[in-house]
Amino acid sequence: MSLNPARRTALHDAARWAMREDEAVLREAPPPAAAEVQAMLDDRALSDAMAQLPRLSDADIRALRTRRRAAIGTGGMLGIAAVLGIGGWHAGWYRAAPAPLHYETARGQMLDVALADGSSVHLNGATSLDVTLEDHRRSVTMQRGEAYFDVAHLPDRPFTVHAGGAATQVLGTAFNIDIAAGGVRLAVYRGKVRFGDAAAAVIVPAGWRTRFAEGRAQPPTRFDAAQKDWRDGWLDIDAMPLTDLVDALNRRGGPLIAPPPPSLRGLAVSGRFRLDSPQALLDAMGLAYGFRTARAGGQLRLEPTAGDDANPSRP
C-alpha cells in the first residue's frame, strides 16, 4: 500500500519524536501520529523480534549516541526509515509478491484448475504455465501447450495471459490460447479480449479467433463458439499449418508424430475432425493434401506423395 505525501510526513515526524533523547523534546506536544508509532514500537511481537538481534556492548551504545546528533540530518533518516519500514511490515503496508503457482501436464493428460479468484483453467496435454494472483492484477505465463480460460469478472484485477510474445488482457471472459510452432492462436468464447503486444493489438469478440505470428496479431476470423472443441475431443481448424496440426495431435498422447518435412511444413489444412485417432485422421487428410503417414522407430512420419512435393499448398 502506498502512502500519500501528507501521511508519510506525519509518520516521519512521529518517528523522529518517538526516538527523542533531549529533555526539551519531552515537553513538546506530540505530533498527530505519535501514539500510532509509539504503539507500534511498544508492540510485544516487535519487541520479541528485536530481541533476537545481536546485543550491543555499552561501548557500542555510547558510540552510537555520540554520532546520533551529527547523523540526524542524513544517516539518521535511515533510522526513521527503518522504523517506518518495521511499522509498514507490522501494519501490512509492504507485502511480498505472491509466488507463482505452477501447473503442468504430460502428453495425453488433461488438468482442470480452480483458481482462488473464482476463475478456472483447463490444461490440454503437454502444457506448462504459471499463475500469479495479486490484489490488483492477475497474470498467467504460458511456456508451452494449450489452455482454456474461464475468467471471473473482477474489474479492479485485470487478467493477463502472456504466451509466445503475445499478451491477452481481459476482465471476465472465456477464451482459448494455443502455443504452436506457427504462432500463438486465440479463440474467444465469451466476452472480448485485447490480443497482441505493447506496440499493436486487436480487440477480439466472442465467436472470433486470430493468431499472433511474425510479431503481430492477424485479422480475426469467425468460428462457431457453440460447437464442441478439443476439451470434448474435437478440432475445428481454418487454414492451420500442418506443423501446428501435428502439435495439436501430439498433445493427445499415442504415437509421437515427427515434425513435417520442409516441403509439407507450410501446408494449410482446414476442417472439423475427431481427435481420438490421429493416424486415421492423418491418413484421410493425406489423400486430400498429398502426403502419407509412415511408421519409423515408434513414431509417425509424414511424407509427400510422389509428384506432390513441389506443390504443398494444394487443397
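How many salt bridges does the count come to? The count comes to 11 salt bridges, where a salt bridge is a side-chain nitrogen of Lys or Arg within 4 Å of a carboxyl oxygen of Asp or Glu. The model is predicted, so to speak of a local feature takes pLDDT of at least 70, side-chain atom pairs count only at pLDDT 80 or more, and totals for chains, interfaces and linings use all residues. Residues are numbered from 1 along each chain as its sequence is written, and side-chain values use heavy atoms, with hydrogens and water left out.

**Arginine 251 and aspartate 178**

- The side chains of arginine 251 and aspartate 178 form a salt bridge, with 2.7 Å from N to O.
- Arginine 251 sits in the loop between helix 7 (242-250) and helix 8 (262-265), and aspartate 178 belongs to strand 8 (residues 174-180), so this pair ties together parts that are 73 residues apart in sequence. Helices (H or I, at least four residues) and strands (E, at least two) are DSSP runs, numbered from the N terminus.
- Arginine 251 is buried at 5% relative accessibility, and aspartate 178 is buried too, with a relative accessible area of 6%. Here buried means under 20% relative accessible area, exposed means over 50%, and partly exposed is in between (1.4 Å probe, protein chains only).

**Aspartate 244 and arginine 185**

- A salt bridge joins the side chains of aspartate 244 and arginine 185, at 3.5 Å from N to O.
- Aspartate 244 is part of helix 7 and arginine 185 is part of strand 9 (residues 183-190), so the pair links parts that are 59 residues apart in sequence.
- Aspartate 244 is buried, its relative accessible area being 1%, and arginine 185 is buried at 16%.

- Aspartate 276 and arginine 274 meet through their side chains in a salt bridge of 3.4 Å, N to O.
- Aspartate 276 is exposed, with a relative accessible area of 56%, while arginine 274 is partly exposed at 35%.
- Elsewhere, salt bridges with shared partners join Glu146, Asp178 and Arg251 into one network.

**Leucine 256 and its contacts**

- Leucine 256 is found in the loop between helix 7 and helix 8, and at 33% relative accessibility it counts as partly exposed.
- Leaving aside residues up to four places away in sequence, leucine 256 touches Arg107, Asn250, Gly298, Gln299 and Leu300, where contact means heavy atoms within 4.5 Å.
- Leucine 256 and glycine 298 are 42 residues apart in sequence, and their C-alpha atoms are 7.6 Å apart in space.
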